[in-house]
Amino acid sequence: MGKGSNVQKAQQARERNMKKMGKSDEERKEALAKAKKDAAAKMCALCRQTFMVNARPPLLYQHIVAKHPDILESKEYSQCFPSGELDGFDPNDPKGEKAAAAAKNGGGAKKTTKKNNNADLDALLDAGLKKGKK
């Protein structure tokens with residue numbers, strides 16, 4: 001049995017050589033441009049420090065605490081990050097767990113209001129009013 005045709009061998013040799021050479025100049029330029037864009041995705045308006053595109057609000061809040069404590073007292077986070085990265089951020093709940101629990105408990109409160117509505121309807125029926133359409 002043969003090990004393949006010369007065309008297949010030549011193709012495999014080309015692929016091996018391409019792997020050894022690495023990226024072309026165009027691919028390197030594109031990758032560098034993307035890395036620069038991602039690196040400067042979020043920027044502090046006061047000190048011009050840049051943050052990666054995947055920087056989370058707790059990290060940005062930590063920057064304000066360390067570098068701009070005067071803004072921390074006024075809670076005007078938009079002075080530092082005007083694009084709104086810290087809108088709705090609670091420093092006491094950096095992961096948002098308390099807000100999720102409050103929303104969950106808020107759903108339970110709606111159910112209790114329905115029970116109160118049923119109690120009100122029962123009170124109306126006791127008063128002699130009829131339930132339903134006319």
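Biologist: Which residues make up the largest nonpolar core?

Modeller: The idea first: in soluble globular proteins, nonpolar side chains tend to be buried together. A nonpolar core is a set of buried Ala, Val, Leu, Ile, Met, Phe, Trp, Tyr and Cys residues joined through side-chain atoms within 4.5 Å. Buried means under 20% relative accessible area, exposed over 50%, partly exposed in between (1.4 Å probe, protein chains only). Here the largest core has twelve residues: C44, F51, A55, L60, Y61, I64, I71, Y77, C80, F81, L86 and F89. Its largest share, three residues, comes from α3. Helices (H or I, at least four residues) are DSSP runs, numbered from the N terminus.

Biologist: What should I know about the model?

Modeller: This is a predicted model, where local features need pLDDT of at least 70, side-chain atom pairs count only at pLDDT 80 or more, and totals for chains, interfaces and linings use all residues. Residues are numbered from 1 along each chain as its sequence is written, and side-chain values use heavy atoms, leaving out hydrogens and water. pLDDT is the predictor's confidence in each residue, from 0 to 100. The chain's mean is 77. Helix α5 (residues 97–127) has the lowest mean among the elements, 68.

Biologist: Which side chains meet in a salt bridge?

Modeller: Side chains of opposite charge can pair when their charged atoms come close. The rule asks for a side-chain nitrogen of Lys or Arg within 4 Å of a carboxyl oxygen of Asp or Glu. R28 and D25 meet this way, at 2.9 Å, N to O. Both lie in helix α2 (residues 25–39), three residues apart.

Biologist: Is H68 buried or exposed?

Modeller: H68 is buried, because its relative accessibility is 9%.

How values were computed:
Helix = DSSP H or I, 4+ residues; strand = E, 2+ residues; numbered from the N terminus.
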